[in-house]
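Colleague: I would like to go through this chain with you. Please put it up, and I will ask as we go.

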Amino acid sequence: MQKSLQKKMIVLKTDDSQCFEEVYLILKDKMEYTEDSAMVEEANRIIQHAQSQRVYQKNKKAVSPIRQRFGWFFLGIFTSLSIVGLTTLLYAVLF
């Protein structure tokens, strides 16, 4: 079953940008129209926040889920072998 939604959206089309053709801003349902300058300030704030998050994500190394699983697997093998080795060593020393 499909439910229809109605959203308020602002579409900004530009010809002078090297990066963007169109920009879509979807307003919250409870948001009423405010002054253009207030919306521009809010859009700039969101862009600056996104840029700061992007810099953080660039510096953070991403580890694939498969590589992460292999890390845990090898840690488990190393731990098991260490326990077996220590048990064998203690048995040899004590008996």
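Colleague: Is E22 buried, partly exposed or exposed?

Modeller: The model is predicted: local features need pLDDT of at least 70, side-chain atom pairs count only at pLDDT 80 or more, and totals for chains, interfaces and linings use all residues. Residues are numbered from 1 along each chain as its sequence is written, and side-chain values use heavy atoms, with hydrogens and water left out. Buried means under 20% relative accessible area, exposed over 50%, partly exposed in between (1.4 Å probe, protein chains only). E22 has a relative accessible area of 31%, so by those cut-offs E22 is partly exposed.

Colleague: Which residue meets E22 in a salt bridge?

Modeller: A salt bridge is a side-chain nitrogen of Lys or Arg within 4 Å of a carboxyl oxygen of Asp or Glu. Side chains of opposite charge can pair when their charged atoms come close. The N to O distance is 3.8 Å, and the partner is K13.

Colleague: How many salt bridges does the structure hold, counting E42 and R45?

Modeller: E42 and R45 meet through their side chains at 2.7 Å, N to O. Both lie in helix 1 (residues 36-59), three residues apart, about one turn of the helix. E42 is partly exposed at 37%, and R45 is partly exposed at 45%. The number of salt bridges in the structure is two.

Colleague: What pattern does the chain follow along the sequence?

Modeller: Helices (H or I, at least four residues) and strands (E, at least two) are DSSP runs, numbered from the N terminus. The chain has two helices and two strands. Read along the sequence, the pattern is β-β-α-α.

Colleague: Which residues does L12 touch, beyond four places in sequence?

Modeller: L12 sits in strand 1 (residues 9-13) and is partly exposed, at 43% relative accessibility. Its C-alpha is 5.5 Å from that of E22, 10 residues apart along the chain. Contact means heavy atoms within 4.5 Å. On that count L12 touches E21, E22, V23 and L25.

Colleague: And D29, with which residues is it in contact?

Modeller: D29 lies in the loop between strand 2 (22-26) and helix 1. D29 is exposed, with a relative accessible area of 58%. D29 and Q6 are 23 residues apart in sequence and 8.9 Å apart in space, C-alpha to C-alpha. Leaving aside neighbours within four places, the contacts of D29 are Q6 and K7.

Colleague: How many residues of helix 2 are buried?

Modeller: Of the chain's 95 residues, 2% count as buried. Helix 2 is hardly covered. V93, found in helix 2 (residues 65-94), is exposed at 62%. The count of buried residues in helix 2 is zero.

Colleague: Which residues make the nonpolar surface patch?

Modeller: Patches are made of residues with over 30% relative accessible area and no salt bridge: like charges are joined within 9 Å, nonpolar side chains (Val, Leu, Ile, Met, Phe, Trp, Tyr) within 5 Å. Accessible areas come from the Shrake-Rupley method with a 1.4 Å probe; for residues, only the protein chains shown count as cover. The patch is about 880 Å², made by L86, L89, L90, Y91, V93, L94 and F95.

Colleague: Which element has the lowest mean pLDDT?

Modeller: pLDDT is the predictor's confidence in each residue, from 0 to 100. The chain averages 80, and 83% of its residues reach 70 or more. Helix 2 has the highest mean of the elements, 88, and the lowest, 74, belongs to helix 1.
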